[in-house]
Amino acid sequence: MNPLLKEAPVYLVVAIGSLAIMVFFVHAMVGGLVSERTEYILYAAVCAIDLTAMGFMARDVIKRRKAQERQEN
């Protein structure tokens, strides 16, 4: 079985946890100080940034694994 498939549930839990923490951080920092609409826009922006960062990290893991497989063969 592909090792990435074994690790996928772990990555999924980490991604969900990270998104929850980031949204809570935004709520803690600006909740009540700005309108609800602005807070939701900030949630979306922070989630987009966080998902982009996680995507780059996942891409890096896949790239390193492929390079490692090539060296072993």
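Modeller: Gladly; what follows is a set of questions and answers about this predicted model.

Colleague: Let me begin with helix H2. What makes the span of H2 close to the expected one?

Modeller: Helix H2 has 37 residues, and they are residues 36-72. The expected span takes 1.5 Å for each residue after the first one, and for H2 that comes to 54 Å. From its first C-alpha to its last, H2 reaches 54 Å, close to the expected figure.

Colleague: Now the rings. How do you know that Tyr40 and Tyr43 form a pair, and why is the pair called tilted?

Modeller: Ring centres must lie within 6.5 Å to pair, and those of Tyr40 and Tyr43 are 5.8 Å apart. For the second part, planes under 30 degrees apart count as stacked and those over 60 as edge-to-face. The planes here are at 55 degrees, so the pair is tilted. A search of the whole structure finds 1 aromatic pair.

Colleague: Why are Tyr40 and Tyr43 said to be about one helical turn apart?

Modeller: Both belong to helix H2, where they are 3 residues apart. An α-helix has 3.6 residues a turn, so residues three or four places apart point the same way.

Colleague: And why is Tyr43 called buried?

Modeller: The cut-off for buried is under 20% relative accessible area. Tyr43 has 16%, so it counts as buried.

Colleague: Let's turn to charges. How many salt bridges are there?

Modeller: The count comes to 2 salt bridges.

Colleague: What makes the contact between Glu7 and Arg65 a salt bridge?

Modeller: A side-chain nitrogen of Lys or Arg has to be within 4 Å of a carboxyl oxygen of Asp or Glu. For Glu7 and Arg65 the distance from N to O is 3.0 Å, and their side chains meet in a salt bridge. The pair links distant parts of the chain, with Glu7 in helix H1 (residues 3-30) and Arg65 in helix H2, 58 residues apart.

Colleague: Why are Glu7 and Arg65 called partly exposed?

Modeller: Partly exposed is the class between buried, under 20%, and exposed, over 50%. Glu7 has 23% relative accessibility, so it falls in that class. Arg65 has 25%, which puts it there too.

Colleague: How do you know that Arg64 and Asp60 form a salt bridge?

Modeller: The limit is again 4 Å, and the closest N and O atoms of Arg64 and Asp60 are 2.9 Å apart. These two are 4 residues apart in helix H2, separated by about one helical turn. Arg64 counts as exposed because its 57% is over the 50% cut-off. Asp60, at 32%, counts as partly exposed.

Colleague: Next, the largest pocket. What makes its lining nonpolar?

Modeller: The lining residues divide into 10 nonpolar, no polar and no charged. Of the 10, the closest to the centre of the pocket are Tyr11, Met54, Met57, Ala58 and Val61. H1 and H2 each supply at least two residues of this lining. About 230 Å³ of space lies in the pocket.

Colleague: Two more residues, then. Why is Ile49 called exposed, whereas Ala44 is called partly exposed?

Modeller: The line between those classes is 50%. Ile49 has 60% relative accessibility, so it counts as exposed. Ala44 has 48%, so it counts as partly exposed. Ile49 has its place in helix H2, and Ala44 lies in H2.

Colleague: Where do Ile49 and Ala44 stand relative to residues elsewhere in the chain?

Modeller: The C-alpha atoms of Ile49 and Leu19 are separated by 10.0 Å, and the two residues are 30 apart along the chain. Ala44 and Val23 are 21 residues apart in sequence and 8.7 Å apart in space, C-alpha to C-alpha.

Colleague: And what is the distance between the C-alpha atoms of Arg64 and Glu39?

Modeller: Those atoms are separated by 37 Å, for residues 25 apart along the chain. Leu51 and Lys66, 15 residues apart along the chain, have C-alpha atoms separated by 22 Å. Leu51 lies in helix H2 and, at 47% relative accessibility, counts as partly exposed.

Methods
Residues are numbered from 1 along each chain as its sequence is written. This is a predicted model: local features need pLDDT of at least 70, side-chain atom pairs count only at pLDDT 80 or more; totals for chains, interfaces and linings use all residues. Side-chain values use heavy atoms; hydrogens and water are left out. Rings of Phe, Tyr and Trp (its six-membered ring) pair if their centres lie within 6.5 Å; planes under 30 degrees apart count as stacked, over 60 as edge-to-face and the rest as tilted. Buried means under 20% relative accessible area, exposed over 50%, partly exposed in between (1.4 Å probe, protein chains only). On a 1 Å grid over the protein atoms alone, a cavity is a set of points where a 1.4 Å probe fits but cannot get out, and a pocket is an open set with protein on both sides within 12 Å along at least five of seven lines; lining residues have an atom within 4 Å of a point. Grid points are joined across faces, edges and corners, and a volume is the space filled by probe spheres set on the points. Ala, Val, Leu, Ile, Met, Phe, Trp, Tyr, Cys and Pro count as nonpolar, Asp, Glu, Lys and Arg as charged, and the others, Gly among them, as polar.
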